[in-house]
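This briefing is for a reader who is new to the structure shown below.

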Amino acid sequence: MKNIFEKYEDNWETSMGGWFPGEKVILRGKNVLTELNDYRWVEYLLFGITGRHSPRIARLIEGMWLICTSFPDPRLWNNRIAALAGTTRATGVLGSAGALAISEATIYGLKPIQGVSDFLYRTSKKIANGSTLGDVVTSEIKKYRGIYGYGRPVVDQDERVEPLMAFARSMDAGNGHYTSLALEVDEYLSNSRYKYRINASGVVAGLLADEGITPEELYHIATLTFTAGVIPCYIDAVKKPEGAFFPLRVSRINSEGTAEPRVWGK
Amino acid sequence: MTESNKKEQITTKIWREVAEDDNPFAAAACYCSGFDVYGDLLGKATYIEYLYLLFKLEPPAEHQKNLLEGLAIALANPGPRDHSVRAAMNAGVGGSTRASALIASVAVGAGNLGGGREVYNAVQYWEHCGNSLSAWEERINNPPTEERADVWQPMEHAPGFDPNGASCPTPVRQTLDYLVGVGRSDALTWLQQNRETLEAYADAPLAMSGVAAAVFHDLALTPDQSEMLFMLLRLPGAAVHALEQEGLGWRRYPFFGDGLKLQEVPPGESEGDL
């Protein structure tokens, strides 16, 4: 029998951390109450995810979250969950939890955020191995019909890119290898028949890759990134009458299915 | 709201509504794939038949109904040791909202190990391999890989098989035998006949997720539909176990008080100030 369960039964060996009731809390070997108590919250989040303590990266992350991902517009798909939860008078946390879960989307959110970081690392490696940027970009588009981090639903231009770069420059960032690569891909695409332009997630991935953040780390760092825009949408909807959030009349259903009435059992 | 915004619509093949005379925001009649849900289907169709109709847009034949009915019972309660049910009970013992119990259960029951994603992958295997043993052997030995990073972890075992199993558990075999008997199912019959060979390829026994995948494939459900329906069918157990533990409270529920053993942090996993 190859069962591993007996070894793990009532036995979770970990160096990640734990709570020792009435005594101490440990994260990655550090005492939270005495060694990490001066950390800012994002520094603590970053340390938990990466094991690194870097006020600089934490500040970069905080600025990016504010500029890019906390738009309190209830029409945005994830925010809309919070607004719908508000209009149905569900709880705020349930609205936020639903919004958080659907933020792992393909056309925005977590998949592009992780995906473009992964793209930049892979592209850099391929170029180092002799490929041209044009070849890599073209084959990526051919294979996946697009590139995470480039292009955007609703509008082509991303108004967040400039403020993001301005913020990065204020932090003495924005000139690193991966950020440059991200902008070179944008330049290549803008001169090609593809109409994709870089979006904020492409810039964020470049900036944080230059700080050594991996795609997987970026994914975890970005998990809560939309929350500050989500919660106001719930608060707003709760203040308005029940059910009032973009109500849909029956005629708003466009049925493309069976038009002829059918009778069950016949 | 502009006039053009008013015209934005939800497009659906599943549903049609007729408005009440006194309220354009309320439906007087609702049709699911042409059937009047409240005027005709209610009282005639069973729940399982309606569930099938929602996914397939056609009523099931007798053997398809029996397959889905049997699977629904087999999946309804994985029992309180199952990861997804444990998630729901954690909500219960802490006094969390009932909704959070179901959310937690779906989240945990979504994964590659015994969850929705495993079924999604297993149905893809069925679509690729069908009833060809050599195709299954090849696929299990050389599973598809993806160059791009994904939010899903890569599979660590052959989908539909239990990497921590010893032999195929009795309930899995009982379910398979029953469904073969009622389902007139090619996939299930083939699975029953070749189970041990496939288990040898996978180096793991068949799991309930593997039986479910065969049923879904036989009902011609897509991997996406199968993933969704599998998660849906497992919720009743999560709900009742969460309610039960809510009543019993955290003191009578495992906390694994002596279970956590803190280790030294390996070099490189916790750096100082940068």
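How much area is buried between chain B and chain A? The model is predicted, and in it about 5200 Å² is buried between chain B and chain A. Carbon and sulfur atoms give 55% of that area. Within chain B, the residues that lose the most area to chain A are B:Glu147, B:Arg148 and B:Val151, which together make up 14% of what that side buries.

**Residues in the contact**

- Chain B brings 65 residues to the contact, and chain A brings 58 residues.

**Polar contacts and salt bridges**

- Between chain B and chain A there are four salt bridges.
- B:Glu147 forms a salt bridge with A:Lys143, with the closest N and O atoms 3.3 Å apart.
- B:Glu147 is also among the three residues of chain B that lose the most area to chain A.
- Counting residues at pLDDT 80 or more on both sides, 26 residue pairs are in polar contact between the two chains.

**Make-up of the chain B side**

- On the side of chain B that touches chain A, strand S2 (residues 15–20) of chain B gives the most, with five residues.
- The residues on this side of chain B divide into 30 nonpolar, 21 charged and 14 polar.

**Strand pairing across the chains**

- Strand S1 of chain A (residues 12–14) pairs with strand S5 of chain B (residues 260–262).
- The pairing of these two strands is in the parallel sense and runs over three bridges.
- A:Trp12 has B:Leu260 as its bridge partner in S5(B).

Notes
Residues are numbered from 1 along each chain as its sequence is written. Chains are lettered from A and ligands numbered from 1 in the order in which they are written. This is a predicted model: local features need pLDDT of at least 70, side-chain atom pairs count only at pLDDT 80 or more; totals for chains, interfaces and linings use all residues. Side-chain values use heavy atoms; hydrogens and water are left out. Contact means heavy atoms within 4.5 Å. Buried area is the accessible area (1.4 Å probe) that two parts lose on being put together, summed over both. A salt bridge is a side-chain nitrogen of Lys or Arg within 4 Å of a carboxyl oxygen of Asp or Glu. A polar contact is a pair of N or O atoms within 3.5 Å; within protein, one must be able to donate a hydrogen and the other to accept it, and residues adjacent in sequence count only if both atoms are side-chain atoms. Helices (H or I, at least four residues) and strands (E, at least two) are DSSP runs, numbered from the N terminus. Ala, Val, Leu, Ile, Met, Phe, Trp, Tyr, Cys and Pro count as nonpolar, Asp, Glu, Lys and Arg as charged, and the others, Gly among them, as polar. Two strands pair if DSSP finds at least two bridges between them.
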